[in-house]
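Look at the sequence and the model first.

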Amino acid sequence: MRPSSLFTLFLAFAHTSFAIDLVGFVQWNDLCPSYEDLGSAKVLLDSGRYSGRVTRSGNFSIPDIGPGVYVLSVLSHDYTFEQFRINVSDSSSIPEIKTYVFGTPLLSPSAVTLPYPIVLSPRSKNNYFKPHESFSLLGMFQNPMMMLMLLTAGMMLATPYIMKNMDPQSLEEFKNQQAKVASVQSSVQDGDFKSGLSASLTADEKTKASTSGAKSPPSNSGSTIQQRKGGKGGKRR
């Protein structure tokens, strides 16, 4: 027989000699009073490296666990269990059981050592269904889109009253701006961007013309006054 085969047999024999059966039970409580409430559940070591099913009496057994440090967890559909750190030593047939918090170092020191066999107790029940929210009028008005719609409706209702109190020149500018925006929007919707740009420029020219026309009367009145002064001077001569 080859030396490599002998070494392999020796390792297998050593593993079998130091391996133990990890046993424990589920302690029923008010949250989960029986196996019928628990349903099918499985106890896992290192996320399924070793596993054993929970029987109807609540007991479980995981065979042939070699020396090492493991994390024990319970795979259950409806209930959540606490996780444990299992330290199996080759010098003792009783493993060391300690609590374990997910995300912490596996070999972190822990002062609490739990008794063996392992006792598992359901901590909480999983809730997969969220109740349907009832209609809330206050919640509807807290929606940003609803607030924006109310603000727009308020501005539309207040626009006629604002326009009544505007002077004619400001009202004319406001109407020109509205016509400009409507023309640009219709051109963009039709896909004619060139017409929209030309309409915008034409509206700007009309606005400038109306503004300059509104400012022209003071200059005419000044020239009229000068003519009157000139006329009076001519009569005196």
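S73 sits in strand β5; strands are DSSP runs of E with at least two residues, numbered from the N terminus. The model is predicted: local features need pLDDT of at least 70, side-chain atom pairs count only at pLDDT 80 or more, and totals for chains, interfaces and linings use all residues. Residues are numbered from 1 along each chain as its sequence is written, and side-chain values use heavy atoms, with hydrogens and water left out.

**S73**
- S73 has a relative accessible area of 15%, so it counts as buried (under 20% relative accessible area, 1.4 Å probe, protein chains only).
- Beyond residues up to four places away in sequence, S73 touches K42, V43, L44 and Q83; contact means heavy atoms within 4.5 Å.

**Aromatic pair**
- The count comes to 1 aromatic pair, where rings of Phe, Tyr and Trp (its six-membered ring) pair if their centres lie within 6.5 Å.
- Y50 and Y70 form an edge-to-face pair, 5.9 Å centre to centre with 85 degrees between the planes; edge-to-face means planes over 60 degrees apart.
- This pair links distant parts of the chain, 20 residues apart: Y50 lies in strand β3 (residues 50-53) and Y70 in strand β5 (residues 68-76).
- Y50 and Y70 are both buried.

**I97**
- I97 belongs to strand β8 (residues 96-99).
- I97 is buried, at a relative accessible area of 1%.
- Leaving aside neighbours within four places in sequence, I97 contacts F84, R85, I86, V112, T113, L114, P115, Y116 and I118.

Technical notes:
Helix = DSSP H or I, 4+ residues; strand = E, 2+ residues; numbered from the N terminus. Buried < 20%, exposed > 50% of the residue type's maximum accessible area, 1.4 Å probe, protein only. Phe/Tyr/Trp six-rings, centres within 6.5 Å; stacked < 30°, edge-to-face > 60°.
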